[in-house]
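Look through the sequence and the model below before reading on.

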Amino acid sequence: MGREKAAKEALNLLRGRLCDPTFVFKPLSDSPESNYSKLKFIISSSVTEACNNSILLLGPRGSGKIAVLELVLKDLFLEYPDMISVIRLSGLLHSDDNCAFKEIARQLCVEHDLLFSKMASFDDNSQFMIAMLRECGLAHKTVIFVLDEFDLFAQGKQRLLYSLLDAMQSITSQAVVIGVSCRLDADQLLEKRVRSRFSHRKLMFLPPSKEDLQRLLGHILSLPLDSTLPRDYAVEFNAKLQNMLADEKFKQTIYTYMDSDATVNHLLRFRAVSYMDLGSGFLALENFKTALPNIQRQPKLECITEYKSIHDTFQTSDYYARNVCLRAFEHLQQRELISFTDNRGHNQSVEFRPVKLLISSYELQKGLKSYRSCPVILLKLMDREA
């Protein structure tokens with residue numbers, strides 16, 4: 001196999017790893033103190049000892065909560081293939097109680113080859129869930145409920161959480177409720193009646209330490225010696241990689257990148273491998289230095305800077321008072337050309353709340369060109385953006 005062909009195969013391998021979070025987090029599961037080990041112990045105890053459990057996985061987005069959970073579930077399915085059933089809900093999709101119970105009933109029906117009724121009422125689905133938990137418990141099968149965006153389920157009347165946790169009080173049920181949230185105070189959102197039935201177990205997912213970061217990079221970027229790649233090439237690739245990882249300049253580059261966001265998910269977006277020289281077939285410090293400015297771009301800030309540059313170049317008099325700009329902003333909102341991105345921040349001034357454009361760039365460009373009094377500077381800016 002030629003060097004360039006081997007390099008292309010290695011590049012495809014590395015890209016595949018970057019898209020596989022369960023592979024990325026595998027080295028962090030070795031320690032008995034890791035979140036992987038703790039979570040696996042809690043769930044496996046529920047399976048083997050026929051008991052109920054509930055736990056929250058908390059941490060910033062991209063810190064590996066779902067990846068570690070999927071890694072644990074994958075391993076448990078191999079160890080207990082006929083003793084586990086997983087029901088997955090998302091607060092973004094199923095925060096409404098009626099919708100959530102219907103989705104639980106649907107997934108239970110699919111899991112046990114039963115006929116699902118779309119016309120079933122809220123009470124019907126609730127009673128069906130309780131009955132299925134009882135039957136699964138008698139069959140020594142643990143039902144694992146994964147509630148992603150858990151904090152959204154904690155808003156409103158919390159009937160789903162109460163019914164689910166209350167059903168687990170039965171000695172015949174056998175279930176585990178796993179809540180996943182980026183809100184560290186998610187348990188404080190629970191009503192008193194729900195909180196009293198929750199076990200208050202929490203696993204905190206924090207950004208990796210510098211030592212963990214070094215291990216992750218070595219794990220992700222090292223080539224396997226037992227693959228279709230030439231062994232001498234893989235050995236040389238790994239040797240050069242270890243030298244690069246130990247280089248202080250390389251460490252500084254990585255730490256600079258991680259300063260803005262130290263989560264693993266952010267690390268996986270650092271596509272330095274795409275700049276690997278296929279001629280030499282090896283990763284180099286220059287690949288990471290080249291990737292750094294590209295991924296640190298701030299397009300919104302660049303657009304504003306560009307606008308000011310054009311504005312100053314053409315020496316226009318299009319400067320407006322603050323009250324005039326706010327009035328124009330209100331007109332855009334009233335005509336539904338823009339809207340606030342969310343309903344939060346009512347106490348903030350409107351100029352500090354994020355908004356989104358409700359028309360396409362093409363529509364905006366056509367509208368500006370059809371408006372005879374449109375400042376020339378805006379037309380030139382739109383042409384540049386196009």
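The charged end of Arg193 sits over the ring of Tyr162, 4.4 Å from the ring centre. A charge sits over a ring if NZ of Lys or CZ of Arg is within 6 Å of the ring centre and within 35 degrees of the ring normal. Arg159 has its charged end over the ring of Phe122, with 4.2 Å to the centre. This is a predicted model, in which local features need pLDDT of at least 70, side-chain atom pairs count only at pLDDT 80 or more, and totals for chains, interfaces and linings use all residues. Residues are numbered from 1 along each chain as its sequence is written, and side-chain values use heavy atoms, with hydrogens and water left out.

Arg159 also has a C-alpha atom 9.3 Å from that of Asn98, although the two residues are 61 apart along the chain. Asn98 belongs to helix H6 (residues 97-111). Helices (H or I, at least four residues) and strands (E, at least two) are DSSP runs, numbered from the N terminus. With 32% relative accessibility, Asn98 is partly exposed. Buried means under 20% relative accessible area, exposed over 50%, and partly exposed in between (1.4 Å probe, protein chains only).

For the chain as a whole, there are 19 helices and 7 strands. Of its 386 residues, 41% count as buried. Among the contacts with a separation of 6 or more, 70% come from residues 24 or more positions apart; contact means heavy atoms within 4.5 Å.

Which rings pair with each other? The structure holds 7 aromatic pairs. Rings of Phe, Tyr and Trp (its six-membered ring) pair if their centres lie within 6.5 Å; planes under 30 degrees apart count as stacked, over 60 as edge-to-face and the rest as tilted. Phe329 and Phe340 have ring centres 6.3 Å apart and planes at 50°, so their pair is tilted. Since Phe329 is in helix H17 (residues 322-334) and Phe340 in strand S6 (residues 338-340), the pair ties together parts that are 11 residues apart in sequence. Phe329 and Phe340 are both buried. Elsewhere, Tyr233, Phe237 and Phe282 form one aromatic cluster.

Helix H3 (residues 35-49) contains Lys40. The 15 residues of H3 should span 21 Å at 1.5 Å a residue, and the end C-alpha atoms are 21 Å apart, which agrees. The expected span of a helix is 1.5 Å times one less than its number of residues. Because 11 of the 15 residues of H3 are buried, the helix is largely enclosed by the rest of the structure. The buried residues include Tyr36, Leu39, Lys40, Ile43 and Val47. Their cover includes strand S1 (53-58), H4, strand S2 (84-90) and strand S3 (142-148). After H3 comes Ala50, whose phi is positive, near 55°.

What does Lys40 touch? Apart from its neighbours within four places in sequence, Lys40 is in contact with Val72, Asp75, Leu76 and Glu79. The side chains of Lys40 and Glu79 make a polar contact (2.7 Å). A polar contact is a pair of N or O atoms within 3.5 Å; within protein, one must be able to donate a hydrogen and the other to accept it, and residues adjacent in sequence count only if both atoms are side-chain atoms.

A nonpolar core is a set of buried Ala, Val, Leu, Ile, Met, Phe, Trp, Tyr and Cys residues joined through side-chain atoms within 4.5 Å. The largest one has 63 residues, of which Leu57, Ile144, Ile178, Leu221, Tyr233 and Ile254 touch the most other members. Helix H4 (residues 65-79) supplies the largest share of this core, 7 residues. A second, separate core of 31 residues includes Leu58, Ala100, Leu147 and Leu165.

Turning to the loops, Thr263 lies between helix H13 (248-258) and helix H14 (264-268). Is Thr263 buried or exposed? Thr263 is buried, with a relative accessible area of 5%. Its C-alpha atom is 8.1 Å from that of Gly64, 199 residues away along the chain. His200, in the loop between helix H10 (192-195) and S5, has a positive phi near 65° and is partly exposed at 42% relative accessibility. Glu336, in the loop between H17 and S6, has a positive phi near 55° and is exposed at 61%.
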